[in-house]
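Please read them with the coordinates open beside you.

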Amino acid sequence: MSAEVDESGSIDAPTDGRLVFPDEVVSSKIIAVLPDVPSSDLMAPIETMIQEKVRVFTLPAADVDRRREVLKIYRRRAVIGVHGVMTVDDVEGLVDDKVAFALPVAATPDLLTALREAGIPAAPDALTPAEVRAAWGAGVDAVQVAPADMGSASYGEILTRMAPGAVLIPRGGVGSYALRRWLAAGALAVCLDDVLVGDACQDGVISALRERCRSVLQVVVDADA
């Protein structure tokens with residue numbers, strides 16, 4: 001593990017040179033993956049999730065203007081990272097925007113080095129045990145297991161045995177039951193897309209989003225019990 005959490009919820013400094021993900025990621029265990037829609041469609045769902053104590057979000061990395069619009073309003077009330085394909089040239093903008101973390105896809109060694117030098121914790125994608133071991137062995141801050149739904153709900157337990165010590169963040173199609181299993185297996189946090197955000201950004205049905213927030217947060221509470 002790159003860092004350890006004490007009983008108060010604070011994070012000890014890493015001892016192996018890896019960067020630490022923000023406290024809110026570690027304590028909440030939930031990262032809401034926001035869809036690729038206009039920023040105007042994101043505002044009400046984000047506000048609702050924050051009210052329901054879901055405060056960690058990740059935005060598609062490609063749309064800088066959308067990211068800045070969201071950050072302008074929610075920077076002080078939420079922890080916001082980015083996900084998707086990105087390049088070394090994108091890192092300067094992530095630094096300027098004070099992005100909290102990155103979940104890059106198909107990341108090159110140069111990109112991971114640039115993120116490390118910029119102080120942005122990153123979890124590149126990997127799937128198989130061999131890929132996860134290779135990524136962790138290369139010194140990444142965490143491994144984004146994606147698409148997580150390619151394995152069974154017990155895949156987190158399998159990876160814990162086959163890639164010992166790796167810090168895992170599953171992403172992609174994780175439902176409530178799989179969420180429970182990933183947390184039991186020791187995942188740092190779990191990315192939730194449709195199971196949490198659903199179609200709230202399209203149809204604006206906020207009441208259903210509130211219920212989903214409460215449901216997944218109850219899973220986290222139960223897992224911590």
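1. In this predicted model, strands β5, β6 and β7 make up an open sheet of 3 strands, arranged in the order β5-β6-β7 and paired in parallel. The edges are taken by β5 (125–126) and β7 (168–170), and because each has a single partner strand, one side of each is left without a neighbour in the sheet.

2. The pairing of β5 with β6 (residues 143–145) is parallel and rests on 2 bridges; within it, A126 has V145 of β6 as its bridge partner. Across β5, β6 and β7 lies helix α6 (residues 129–137), which runs at about 160° to β6.

3. A further open sheet is built from 5 strands, again with parallel pairing, and its order is β4-β3-β2-β1-β8. At its edges stand β4 (102–104) and β8 (190–192), each of which pairs on one side only. On average, and with direction ignored, neighbouring strands of this sheet are turned by 25° against each other.

4. As to confidence, the mean pLDDT of the protein is 91, with 93% of its residues reaching 70 or more. Where pLDDT is low, the predicted coordinates should not be read in detail.

How values were computed:
Residues are numbered from 1 along each chain as its sequence is written. This is a predicted model: local features need pLDDT of at least 70, side-chain atom pairs count only at pLDDT 80 or more; totals for chains, interfaces and linings use all residues. Side-chain values use heavy atoms; hydrogens and water are left out. Two strands pair if DSSP finds at least two bridges between them. Helices (H or I, at least four residues) and strands (E, at least two) are DSSP runs, numbered from the N terminus. Contact means heavy atoms within 4.5 Å. Axes are lines fitted to C-alpha atoms, for helices over the stretch in contact, and angles run from 0 to 180 degrees between N-to-C directions. pLDDT is the predictor's confidence in each residue, from 0 to 100.
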